Amino acid sequence: MRKFYARIFTLFVFVIATAVVNAQTVSQYVFSQSNGTYTPITGGTVISSSATDDDNSYAVTLPFPFTFAGVSYTQVYVNTNGFLSFGPTAPAGNTYSPISGTTAYGGAVAPLGRDLMSNNGNITWSVSGTSPFRVITFQWSNYTRYSAAFYNELLNFQVQLFETTNNVSIVYGGFSA
């Protein structure tokens, strides 16, 4: 449970640090923790379904503009290493610490930013709701840390981007080691 809180705190610090660059938006960022339900995507658009996908970024055009750190984006990069990034610059495939990375992207949301790979899993996305209250959900299913010692684990998590409110939610599913 401590690791969960540490990850959430890291994301919070990143959002605030990014907001300092755009000082006029600092007051718009609020962190809150809640218990919710992880609901796996059924259907959706498959970004990657390779049994061992590793160190790749995939560009996804958003179905609605999303404002992050005061900038409106229409595209994100979804990385197999457990994060998505904003801006026109794709992160290097081997970016394992996206929040402290040196690539010039516009920011990152990293629910589990580290060296990950697919364990016969996939990355998918889907859109739910109706305009102007849609939610785009990015889901990593059956991922594992990159090391032979961890090939039996399964990690499942999502990033949700909310239209109009520009809120970001991170939802963790079942983890097995």
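## A tour of the strands and the core

Start by selecting β2, β3, β4 and β5: in that order these four strands make an open sheet, and their pairing is antiparallel. The strands at the edges are β2 (57-68) and β5 (107-109), each of which pairs on one side only. On average, neighbouring strands of this sheet are turned by 30° against each other, direction ignored. The model on screen is a predicted one.

To see one of the pairs, pick T61 and then Q75, its bridge partner in β3.

Next, show the side chains of V76, V78, F86, F138, W140 and L161. Among the 27 residues of the largest nonpolar core, these touch the most other members. Elements giving two or more residues to this core are β2, β3, β4 (83-86), β6, β7 (135-145), β8 (155-162) and β9 (168-172). The largest share, five residues, is from β2.

Centre the view on V76. Leaving aside residues up to four places away in sequence, V76 touches Y58, A59, V60, L62, L84, S85, F86, F138 and L161.

Now move to β6, residues 116-128. One of its pairings is with strand β1 (residues 45-48), in the antiparallel sense and over three bridges. Select V46 to find its bridge partner in β6, T124.

Another pairing of β6 is with β7, again antiparallel, over 10 bridges. N122 has S141 as its bridge partner in β7. Follow the chain from β6 into β7: the two strands form a hairpin, with six residues between them. In the turn, select G129, which has a positive phi of about 85°.

The last stop is N119, which also lies in β6. Is N119 buried or exposed? Its relative accessibility is 17%, so N119 counts as buried, the cut-off for buried being under 20%. Display the side chain of N119 together with the backbone of E153: a polar atom of that side chain lies 2.9 Å from the backbone oxygen of E153. To complete the surroundings, select A51, N142, Y143, T144, Y151, N152, E153 and L154, which N119 touches when residues up to four places away in sequence are not counted.

How values were computed
Residues numbered from 1 in each chain as written. Predicted model: local features only at pLDDT ≥ 70, side-chain atom pairs only at ≥ 80, totals over all residues. Heavy atoms only, no water. Buried < 20%, exposed > 50% of the residue type's maximum accessible area, 1.4 Å probe, protein only. Polar contact = N/O pair within 3.5 Å; in protein donor to acceptor, adjacent residues only side chain to side chain. Contact = heavy atoms within 4.5 Å. Pairing = 2+ DSSP bridges. Axes fitted to C-alpha atoms, helices over the stretch in contact; angles between N-to-C directions. Core = buried A, V, L, I, M, F, W, Y, C linked by side-chain atoms within 4.5 Å.
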